[in-house]
Amino acid sequence: MGKVKVATVWFSGCAGCHMSFLDIDEVLIDLAGRIEFCNSPITDLKVFPEGGVDVTLVEGAIGNEEQLELARTVRAKSKIVIALGDCAVTGNVPALRNGIPPRELIEEIYGTSRTTNGALPYEVVPRLLERVRPLHEVIPVDYFLHGCPPPAGLIAKAVLALLDGKTPELTGADLKFG
Amino acid sequence: MDKLRVKIDGRTILAAPGKTILEVAAENGIHIPTLCHLDGLRDVGACRLCIVDLYGQLVTSCTTKVADGMEIGTQTETVRAYRRTILELLFAEGNHVCSFCVSNGGCELQDLACELDMHSVRVPYTYRRERVDATHPRFLIDRDRCVLCGRCVRVCQEVEGAHTWGFAERGATARVITDLAVPWGTAESCTSCGKCVEVCPTGAIARKGASNAEMRKHPDLVAELTERRARG
Amino acid sequence: MAGRLDVLVCSGGACMSSHSLEVKEELVRQLEAHHLADEVRIVETGCMGPCQYGPLVLVYPEGVLYKNVAAADVAEIVSEHFLKGRVVERLLFRSETADRIIQERRSIPFFEKQMKIVLANCGAINPESIEEYIGAGGYEALGKAVTTMTPEGVVAEMKASGLRGRGGAGFPTGTKWDFVRREKSPKKVVVCNADEGDPGAFMDRAVLEGDPHTVIEGMAIAAYAVGAQHGYVYVRAEYPLAIKRLRSALEAARKLGFLGDRIFETAFSFDIEIRVGAGAFVCGEETALIASLEGRRGVPRIRPPYPSTSGMWQLPTLLNNVETYANVRHIVARGSAWFASIGTEQSKGTKVFALSGNVRNTGLVEVPMGTTIGELIYDIGGGVPNGKRLKAIQTGGPSGGCIPVPYLNTPISYETLKELGAIVGSGGVIVLDEDTCMVNLARYFVEFTASESCGQCVPCRSGLVRMLDILDRITRGEGAMDDLALLEELANTIKRSSLCGLGQTAPNPVLSTLQYFRDEYEEHIRHKTCPAAVCAALFVAPCEASCPAHVDVPAYVAHLSNGDFAKAFDIHMKTNPLPGICGRVCYAFCETKCQRAQIEEPVAIRDLKRSMADYAMEHKLAGPKPRARNGQRVAVVGSGPAGLSCGYFLAQLGYETVLFEALPIAGGTMATGIPTYRLPRDILKADIDRIVRAGVEIKLLSPVEDLDELLADGYGAVFVATGAMKAQTLALGDPLPRGVVTGVDFLKGIHVDGTSEVGAEVVVIGGGNSAIDSARAARRLGAKHVTIAYRRAKADMPASPEEIAEAIEEGVEILDMTSPTGVVGGGRVEGLRCARMAAGPFDASGRRRPVESDQAEIVLPTSMVIVAVGQEATGELLRGAGIEVAKGGLVPVDPVTMSTSRPGIFAGGDATSGPATVVEAIGAGRRAAIAIDRFLGGNGILEPEERVEVATDYDEDAYTQERARAVPPMAAAGTRIRSFAEVRGRFAKEQAIEEARRCLHCDRKQTEDGVCCGSSAGEAAGATTR
């Protein structure tokens, strides 16, 4: 049996969820033998595999057009999509900007910054969406791992269950926001 | 007086007349989720989370008195699904990105999400943006986190007798206000007793300087107070 | 004081707003001037009912009802009617069915089926005069109750009457009274709920304005029965006139001792206060109303305890609605048995309804329970105006639901309407025509309830906002199919778990529209279209939206207005390659939705199209260039409009397309059925030739018998458009004598085979366009008398009104309500036996089903009978290809892709829809071409470029002033019947340009300034895409 293909992507979030994933300690050794890490900020593979993957863990909320596009690719090419952490599940901190028009936001942050000399990044960077959205508002999501970040044990529990071909049982304290 | 015979989740239970379904269930170790209910305060049945199935009708257990022969389901599929939808609606209308519960776990809304198996909020969030009122020297209110349970209003009215808190407007714009919608710090009727802080189920009403890990609330204080007062 | 005439001037809210008081003042002046003041008495009354026609003036003793009376009309009424006794005819009502004037109020159909109990005094007496009320029997019931009946006796009467609460819930009134009466409390309260707040409801207002004493008397009787001493009327501040009249009525009642201490010199004392509410909808809920009465925030509380045990100030409280109280005195005075004899088994008495919406007679009506919905809408309401079709009626306002057309025979009662997912509610009835978008309607009601939710309980407060959110998304074309499930789940959660009646009923408009009009929601979601052309985000303009081929009308009309006929033609060809044909025979759905009609009349779009097409024909314009051939072949079976359209667009997309036609001529029904006086054959040929030049091969005399053969022949896909050519027949006799033919054969004989045999006397059976075509063709062939026998009413004929009018001009006689039963004659037909019909109950199409009347059979002498009662498809070809064919030979297809159950085989036109219009077939052909392109590996994009708004070069504002619609020249009827030459002429070029400038450019969208970062179009569409 071939290795299970796993990808992780990082949208609007602080990378804390990826850190928490790495915090699963010795389980990583077990995982290393069973999974093949595809596109992931950890491996620095930047292109989502053409042939698709079995599982994708998505950290972060959807805040700009590039993330929206990639989220759709993720859905199209993944058998299972997991929202990893509160930003992906609820929008969380990145969503605090919702309600402020993106233009005002950009002007405030870049226009008044000394390092950018007031240049506004309209051209090269992806356009901001009017609102930051949780992942499931954009694509269908199969499982939700709550927490800011989700506890390492919770991530291990979910991933290991999937590797064993089981449905991860996420109940009670597993569903704790924050 | 004679005990009544009721059936809760298939269990036959003897109950004293005049008690609510919620009280009888609690006395018998059957947990029903609640939010606007608080021991010691008048029940209003506003949050609808304590709904139970009574012959196919959904009634709030905090306000429905037991009657002989009643058959009640507290965990039926429908009841659980509706409670979860209602909870999702609560999450969607406010803004519960909050530093409180992350640190101290002391949020009843967070507990309900775990209890009711809420995996995600399926309706779009509103991302409400209300101003924080920190004009009171000791307390503050962040209305984005308010779930309009009305516990502050009732405790202020029924226990403290100050009537500082009240409701204003209606529908989606309904909110709790102090006096005639003046900044809390200038609300003359407020006695600064802090009971509203203790009963608030979320991080909406908080003590200044203790808004994170240090913040511990004591909603059970009210029941204690009312009991003691009754004893005189 | 007793005068010769009583003149009643309606001063109900509606008539006052159309200046009835000015009419009254003018009356006073005129009577003074003519020294008639002593002879004529003027009475200001409450609402008379037909509010649409206000101001209303009713003159007794004759009972003459004048409508739309202006102050300027008064002089004429006084001098003609009052002095000379000549009724002023121009101000009288006209019958909608028969063309005659109706003088007397009681003969006006609006009043004929009504039964006025609650509204007996409304519009009949001066509401500010207690003497008139007493004169009409007022306060007799109160006297009878307090002096001759025990409280228990009154309650028993109420119970026996079967009266149920008129506020909406329909709780038995007597039972409620009994609850309060049994409460052991020295103090009790009686409350009248006059917080009428449903959009479209104005019953309570009319009663309070028109007959306040009837409510006071009802409350006093109730107080006596339940043992109350205090009464309150909770009325909304938006009803100042009701408050004023009620206030003066209370004073008058007190003065005469009907209120106050020791009423009728008994021990019974009672008085009433008015409480003015601030107009929150939720305060109509009884516990919220009581909270508001007490001066608290008007929010509902949990029941029990019910107000009957603990209401106002915790006292036992009887709370009833205005209309409920208004029934009381009649029950007491005339007895419960009388009342119980009216209505149905479980719903007794009458109900007042406020008719509004798309109905001829809007206003206030009172009918016995059990009256059918159809009678209410058609007999009393006069049906839907402007030639539109009825779509549904909405009852019960924001708490109610919709009832679609197939249920018109439902008798109105609490139970029957509930079964249909609607409610009687307080009595608001909104009539909805075909131009109503049901999603938008549901959205409107949810918006209303969301903003009226008190905000106390979570499901109602937050859930309705979320439902509104989803409905908003759907009406903007951003919805997903999953949204419907979520919408239903939210609706059910709110319905079942909300605290009070507002939340428990607020989802009803959504649930009921989902039940009956789910397809409309799906149209918005799947196809991003709004069939009624209401949801502005989903269409270019109403004309474009209503066109089955989605021709960009505003763009080509704008080009025409600039005088650029060639560009207009190019635009037209993008969606419809048969402009010459459509410029003559199109049903012009676009014109029915044209917004210009709100100024005067729709733009003459079809005539404009004809001008454009004729220009293109004369200048030999070819239309857009097709793409290079891609080497793939597609076969089309049938050369009617669907086949031609599909073939043309396939050729545009680069396909080698072959049309197979069984007949020796191309064009399908357009060639065999439509008479040349409507569609000259050179025009037909020009449109078809252009398609051939665009690269479509047409093989005549090439019937296809096996689709598999075609597929094996190298055609990648097949489009079947074989039409519905089989004539339906009637059992008129067996064997049929000579001279009985079908319309299909008759018309085909003329146009294809060149026969011209016709009888001197011809009877055509049917009511559709082909019946009219047959009749007019028969006239042209020399028939002396042509009669059309139609079994329903003339107004129900499916043929276009224009065609019917032209046929009548040409001497064709139409005999409606006439159903043929058999032919007379042996070898040759000699006559047609017909039964005379009467209007029966409503059928599923919303028309009255013809039933045999008691009139004797008639025989129409004739030498020829043409049966034109409909056509159907056979479905043979598709059945042969293993595709399932439904009833009537129709083949089920996907409405967007026109694909059948078998991949590669597509079908459209009349073969899948049954007999329909040319333009519908064109639309189907185009959709099929796009789907076939996708099926064969293309991208299915016919028009890569985005739509551009066409700028004009004239002063648009100048054309928004009223201007008459241009009319093309028409041949005189006498000339017409002498040949088959085209009847309708065309606009001169300048005339066409002027007419095109009447377009209001509904396609112009207000654009915001480009935002450089932030919301992008892709975001919205991407949300929740599955």
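User: What is the handedness of the crossing in which α17(C) passes α21(C)?
Analyst: In this predicted model, the crossing of α17(C) past α21(C) is left-handed.

User: Which residues of α17(C) meet α21(C), and what classes does the contact have?
Analyst: From α17(C), Met438(C), Val439(C), Leu441(C), Ala442(C), Phe445(C) and Val446(C) take part. Their counterparts in α21(C) include Pro509(C), Phe517(C) and Glu520(C). By class, the contact has 10 nonpolar, two polar and one charged residues.

User: How do you know whether Cys535(C) is buried or exposed?
Analyst: A residue is buried if 20 or more other C-beta atoms lie within 10 Å of its own. Cys535(C) has 21, and is therefore buried. Cys535(C) lies in the loop between α21 and α22 of chain C, and its contacts beyond four places in sequence include Val439(C) of α17(C) and His524(C) of α21(C).

User: What makes the buried residues of α7(C) line one face of the helix?
Analyst: The buried residues of α7(C) are Val154(C), Val155(C), Glu157(C), Met158(C) and Ser161(C). Seen down the helix axis, they fall within an arc of 155 degrees, so they line one face of α7(C). Among the elements covering them are α6, α8 and α10 of chain C.

Key: Residues are numbered from 1 along each chain as its sequence is written. Chains are lettered from A and ligands numbered from 1 in the order in which they are written. This is a predicted model: local features need pLDDT of at least 70, side-chain atom pairs count only at pLDDT 80 or more; totals for chains, interfaces and linings use all residues. A crossing is left-handed if the near helix is turned anticlockwise from the far one by less than a right angle, and right-handed if clockwise. Helices (H or I, at least four residues) and strands (E, at least two) are DSSP runs, numbered from the N terminus. Two residues are in contact if their C-beta atoms, placed from the backbone, lie within 7 Å. Ala, Val, Leu, Ile, Met, Phe, Trp, Tyr, Cys and Pro count as nonpolar, Asp, Glu, Lys and Arg as charged, and the others, Gly among them, as polar. A residue is buried if 20 or more other C-beta atoms lie within 10 Å of its own, exposed if 12 or fewer, and partly exposed in between; C-beta atoms are placed from the backbone. The arc is that of the directions from the helix axis to the C-beta atoms.
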